[in-house]
Amino acid sequence: MVQHAEVEGVGHFAEWLPKYGVDLRIAQPYRGSTLPPTVDADALIVMGGPMGAYDDEDAPWLPATKALMRDAVDRALPTLGVCLGAQLLAVATGGRVERGAAGPELGLDSVELTRSDALFDAGVIPVVQWHYDTVVALPEAATLLGSSARYPTQAFRLGDRAWGVQFHVEATVGMVADWARSEQLDESTITAPVADSEARLKTVGEDFARRFAAVVTA
C-alpha cells in the first residue's frame, strides 16, 4: 500500500484486509522512504492524498507511484486506487484528470454502480467522498462501473484485476473529521451524516474489502 499523507491513512482496511487473508505492508514515501521500481508483492493499493495527480514537483514520489501502477496493470496484479489513487491509475494508463467543474464532493454521498463486478453489485451505495479533482477521460481499455449525480467517473476497471474508486470505502468517522479540520471546514456539519450512516458504510466497505481480498488470495 502506498500512503501519501499522514492525514490519509488506511482506515478500516487495516482491520478488514488482514481479516480476509491479506497482509499489509504500508509504504510512506512522504516520510522519505523509496518506492521499489516494480511491485514486489502480490497486489498494489494506492491511497488518497491532498495533492493532485500531476503534482510531481510537490510530491516527488508520484512518478514512481504511477510507474508502479503501470507495472501492476501490465503484470495483471490485483490493483486498487482510492481517490487520488484512482486518479493516478487513470493518468498512469492514458487517462486524464482535471479540477472538477461541479465543485468538490465532501462527506456523505451516494454512487450508482451501473454494472456488477468482482468487487461490486449493481445498485446505489452510500459512500464517503473527499475530492476536488476528477477523472475526465478514462484510459481506452477502462470499463466504467459507477457514477454520482455530479461526476460520471466514480468507479472503473482496467482489465480483470485493476480498479479505481473515487470514493473512500476505507474512511472512518474520525478520518473524515480530520480532513474537515485540516481544511478548516465545519467539522460537525460534515461528520454528522457520516456518523449517522456509519453502520451501512461499514457494511458496504467491508464487503468491498472482502471481495478485493478474494481476488488477491485467489
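1. In this note, Ala, Val, Leu, Ile, Met, Phe, Trp, Tyr, Cys and Pro count as nonpolar, Asp, Glu, Lys and Arg as charged, and the others, Gly among them, as polar. The structure is a predicted model, in which local features need pLDDT of at least 70 and side-chain atom pairs count only at pLDDT 80 or more, while totals for chains, interfaces and linings use all residues. Residues are numbered from 1 along each chain as its sequence is written, and side-chain values use heavy atoms, with hydrogens and water left out.

2. A search of the whole structure finds one cavity of 30 Å³ or more, where a cavity is a set of points on a 1 Å grid over the protein atoms alone at which a 1.4 Å probe fits but cannot get out. The largest cavity has a volume of about 120 Å³, a volume being the space filled by probe spheres set on the points.

3. Its lining (residues with an atom within 4 Å of a point) consists of 15 residues, of which Val128, Val169, Ala171, Leu201 and Lys202 lie nearest the centre of the largest cavity. Strand 5 (123-131) and helix 6 (198-217) are the elements that give two or more residues to this lining, and helix 6 provides the largest share, five residues. By class, the lining divides into nine nonpolar, four polar and two charged residues.

4. Elsewhere, helix 2 (residues 62-74) and helix 3 (residues 84-92) pack at an angle of about 70°, with their axes 9 Å apart. Helix 2 is therefore roughly perpendicular to helix 3, a term that covers angles of 65 to 115 degrees.

Methods:
Axes are lines fitted to C-alpha atoms, for helices over the stretch in contact, and angles run from 0 to 180 degrees between N-to-C directions. Helices (H or I, at least four residues) and strands (E, at least two) are DSSP runs, numbered from the N terminus. Angles under 35 degrees count as roughly parallel, over 145 as roughly antiparallel, 65 to 115 as roughly perpendicular and the rest as oblique. On a 1 Å grid over the protein atoms alone, a cavity is a set of points where a 1.4 Å probe fits but cannot get out, and a pocket is an open set with protein on both sides within 12 Å along at least five of seven lines; lining residues have an atom within 4 Å of a point.
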